[in-house]
Amino acid sequence: MTAPGVDDAIREKPPVTERRLHPVTPLRRAWAPIAVIIGWAVHDPNQAQQQLTRLTTTTLLIALAVFVPAAALYGFLTWWFTHFAVTDTELRIRTGLLFRRAAHIRLERIQAVDVTQPLLARVAGVAKLKLDVVGADKKDELAFLGEGEARALRAELLARAAGFAPETAHEVGEAPSRELLRVPPGVLAVSLVLTGATWGTLVAALVVPTVLWLATHSVWTVLATALPLLGAAGASSVGRFVTEYDWTVGESPDGLRIDHGLLDRTHETVPPGRVQTVRIVEPLLWRRRGWVRVELDVAGSSNSVLVPVAPREVAETVVARVLPGVTVPPLSALSRPPRRAARCVPLWWRGYGLAVTDAVFVARQGLLRRSLSLVPHAKVQSVRLAQGPWARVWRVADVHVDTGANKTVTARLRDAQEAAELLRGQAERSRTGRSEARPDRWMAP
C-alpha cells in the first residue's frame with residue numbers, strides 16, 4: 001500500500017520527451033552508401049575499372065538516378081529513427097535503421113562532454129556532442145545538433161551530473177570561464193620546427209625513398225614507401241599545427257576547458273578529479289627557450305594534451321589548477337639513482353630521478369627528451385617492485401606505480417633498500433590519499 005500522495009506524484013511526473021538531431025544530419029548519413037562504393041573501388045581498382053567500362057551512358061544515368069535517391073532516403077531514415085532524451089537519471093540514445101541500438105547513459109557516470117565542429121559543420125552552424133563515460137571503451141556521440149542546442153545540452157548534462165535538480169538543471173547554463181593560457185600561433189609553429197620527431201620523419205621521408213630508388217629503380221616501391229613517410233612528416237608538423245592552433249585553456253567550475261583547432265574546432269573539458277597522471281615534457285631543443293609540453297592521463301578519456309607548448313612557469317601554474325595543492329618540484333629536488341646503476345644502464349641512468357611529496361609521487365626519465373611524471377597518491381591503484389638478475393647483482397630495483405588510467409609510472413634503478421621502503425611507504429600514502437580525496441564530481445564545492 002503506497003503512502004498518500006505517492007500516486008499523485010507519479011502521475012504528475014512529466015513524460016520523457018524524445019528529440020531528433022539537426023535536420024542537416026541526413027546529408028551526413030547519406031554519404032555512407034557512397035563511402036562503401038568508394039572503399040570497394042579503392043580495395044580492388046582493377047575490378048572497379050572493368051565494371052565501369054562495361055556500363056553504357058544510359059545505364060550509368062539510370063544507376064545514378066536510382067542510387068542518389070536511395071542514398072538520400074537512407075540518410076533520411078537513419079536520421080528519422082535516431083532519438084535522444086534526457087531523463088532524471090540518464091541520457092537515452094536510440095539509433096539504427098535495421099539493427100536497433102539503445103544506449104542508457106547514467107548521468108553520474110558522465111565525466112566529460114566535448115563539443116566538436118568539423119569545418120563543414122562550422123559552415124552549417126552545427127556541432128557534434130561527444131561524451132566520455134566511465135567504463136565505456138569509446139565515446140558516445142550526438143551528431144549533429146545546432147550549435148546553440150549542443151552547448152545548452154552540454155551545460156544541462158554537466159549540471160545533472162553535478163547533482164542539480166532536473167527542474168533547475170536547464171537553468172544553470174554554461175558555467176563562466178576565466179582564461180588561463182593562450183598559445184600564440186607563432187610560438188606553436190616554432191615549437192614544431194624545434195621538435196625532433198618533425199625532423200626525424202622528414203629526413204626519413206627523403207633518405208629512405210632515395211636509397212630504395214638506387215637499389216630497385218622501381219617507381220611503385222618508392223611511392224609506396226615515400227607517401228606514408230611524407231604523411232607521417234605532415235602529421236607531426238602541419239597536422240599538429242592545424243589541430244593545436246589557437247590552443248586556449250580556461251578555468252571554470254566544471255573543470256578546465258580546452259578550445260583548439262584551425263579547421264575543425266574542438267571544445268573539450270578536463271574532468272575534475274579524473275586526472276591520474278600529469279607529465280611535463282621538455283624536448284632538447286626547447287630548453288634554451290624554457291618551453292615545456294604538458295600531457296595528461298585521464299581515466300576513461302582520450303584527452304591527453306593539456307598544454308602543447310608554454311613557458312615552464314606558466315605551465316606549472318596550469319598544473320596547479322589540475323592538481324590543487326601540488327607544487328612541481330624543481331630538478332634539484334629529485335634524487336638520482338646510485339652511481340652503481342650505471343652498470344645496468346650506462347650514461348642514461350643520469351636521466352632518472354625521484355621525489356615523493358605529501359601530495360604526489362614524482363618520477364623523471366630521459367636525457368634528451370626529459371619527462372617528469374606526477375601521480376597524486378590518491379590515484380595510485382597498486383605499487384610493484386621489479387628486480388632482474390643483473391639488477392640484483394648491483395642492488396638496484398625499479399618501483400612501478402599503476403594508476404586508474406591503465407598507465408604505469410616507474411622510478412628506475414633505485415637502491416634496493418630504498419625501493420623496498422618506497423614500496424611500503426607508497427602503499428600507505430595511497431590508502432591515506434584515497435580516504436582524504438575530494439569526490440570526483442562536476443562543480444564540486
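With which residue does Asp297 form a salt bridge, and how far apart are the closest N and O atoms? The partner is Lys407, and the closest N and O atoms of the two residues are 3.4 Å apart, where a salt bridge denotes a side-chain nitrogen of Lys or Arg within 4 Å of a carboxyl oxygen of Asp or Glu. The structure is a predicted model, in which local features need pLDDT of at least 70 and side-chain atom pairs count only at pLDDT 80 or more, while totals for chains, interfaces and linings use all residues. Residues are numbered from 1 along each chain as its sequence is written, and side-chain values use heavy atoms, with hydrogens and water left out.

Salt bridges that share partners join Arg240, Glu244, Arg279, Arg293, Glu295, Asp297 and Lys407 into one network.

By the stated rule the count of salt bridges comes to 23. Asp297 also forms a salt bridge with Arg279, for which the closest N and O atoms are 2.8 Å apart. Because Asp297 lies in strand S12 (residues 291-298) and Arg279 in strand S11 (residues 275-282), this pair ties together parts that are 18 residues apart in sequence, and both residues are buried. A salt bridge is found as well between the side chains of Glu282 and Arg370, at 3.6 Å from N to O; with Glu282 in strand S11 and Arg370 in strand S16 (residues 370-376), this pair links distant parts of the chain, 88 residues apart. Glu282 is buried, with a relative accessible area of 11%, while Arg370 counts as partly exposed at 22%.

An open sheet of three strands has the order S17-S18-S19 with antiparallel pairing, two strands being paired if DSSP finds at least two bridges between them. Strand S17 (380-386) and strand S19 (408-415) stand at the edges with a single partner strand each, so one side of each is left without a neighbour in the sheet. The twist averages 20° from one strand to the next, and six bridges join S17 to the antiparallel strand S18 (residues 396-403), where Val399 is the bridge partner of Leu385. Helix H14 (residues 416-436) lies across S17, S18 and S19 and runs at about 170° to S17; axes are lines fitted to C-alpha atoms, for helices over the stretch in contact (heavy atoms within 4.5 Å), and angles run from 0 to 180 degrees between N-to-C directions.

Backbone geometry shows some further features. Most residues other than glycine have a negative phi, and most peptide bonds are trans. Leu413, in strand S19, has a positive phi near 55° and counts as buried at 3% relative accessibility. Asp246, located in the loop between H11 and strand S8 (248-252), likewise has a positive phi near 55°. A cis peptide bond, with omega about 5°, joins Ala143 and Phe144, and Phe144 is placed in strand S6 (residues 140-146).

How values were computed: Helices (H or I, at least four residues) and strands (E, at least two) are DSSP runs, numbered from the N terminus. Buried means under 20% relative accessible area, exposed over 50%, partly exposed in between (1.4 Å probe, protein chains only).
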